[in-house]
Amino acid sequence: MSEPTPEQKWEARYAAAGGYIFGTAPNAFLAANAGLIAPGAKVLSVADGEGRNSVFLAGNGADVHAVEVSPTALSRARKLAAERGVAIAFEQADLLRWSWPEHAYDAVVAIFVQFVPPAERPAFFGRLVRALRPGGLLLLEGYRPEQVANRTGGPSDPAHCYTEAMLREAFAGLEIERLDSYDAVLDEGPGHSGPSALIDLVARVKVRPGT
């Protein structure tokens, strides 16, 4: 039997849930740093899920493009956007096979995108960076390897988790404004609930003279 595709895997997970797996409130890290994104900024929200983050960003005045692989998650996201009265450009796509725009966004938001196989992670991180314009902002949050023992969300394989050394090396070409490892209690629906080992990255594309 062949392995399920990313769409099949995530669609099965979302379809089996009776409601929003990760809640409808924005991720706390994103909410805390939302002031870094100016109203009207063009923002890409990758693996957007059921819309909690894209809807929040659009409510703050951002021009949001949200990409998600699961049709059920997208349906819930569109419902949430309609309820909140915001417009978002939703797109269904497998981010590992997507034709990524380059130098197109003022900010890229990547919250818990730890489904990416470690072998494909360098290329994926590179696409996040190339999607940004000069001066563009990357907001990324993930789990550290210690999260596996918590069993409160995230990957079961520590190889899918992040460390400070990994992110510092991967995004060495950016201006890293913040890179923090810490523990916190998450309350983001049943999918992320309880003590969590987190890591946050805030970084910008360097502006070269003359650009």
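A: With a definition: on a 1 Å grid over the protein atoms alone, a cavity is a set of points where a 1.4 Å probe fits but cannot get out. Grid points are joined across faces, edges and corners, and a volume is the space filled by probe spheres set on the points. This is a predicted model: local features need pLDDT of at least 70, side-chain atom pairs count only at pLDDT 80 or more, and totals for chains, interfaces and linings use all residues. Residues are numbered from 1 along each chain as its sequence is written, and side-chain values use heavy atoms, without hydrogens and water.

Q: How many cavities of 30 Å³ or more does the structure hold?

A: Rolling a probe the size of a water molecule over the atoms shows where empty space is left. Here there is 1. The largest cavity has a volume of about 40 Å³.

Q: Which residues line the largest cavity?

A: Lining residues have an atom within 4 Å of a point. Here they are A34, I37, A38, P39, L57, N60, G61 and A62. The lining has 6 nonpolar, 2 polar and no charged residues (Asp, Glu, Lys and Arg count as charged; Ala, Val, Leu, Ile, Met, Phe, Trp, Tyr, Cys and Pro as nonpolar; the others, Gly among them, as polar).

Q: In what order do the strands of the open sheet run?

A: Strands are DSSP runs of E, at least two residues, numbered from the N terminus; two pair if DSSP finds at least two bridges between them. The 7 strands follow the order β3-β2-β1-β4-β5-β7-β6, with mixed pairing. β3 (89-92) and β6 (174-188) are at the edges with a single partner strand each, so one side of each has no neighbour in the sheet.

Technical notes: On a 1 Å grid over the protein atoms alone, a cavity is a set of points where a 1.4 Å probe fits but cannot get out, and a pocket is an open set with protein on both sides within 12 Å along at least five of seven lines; lining residues have an atom within 4 Å of a point. Helices (H or I, at least four residues) and strands (E, at least two) are DSSP runs, numbered from the N terminus.
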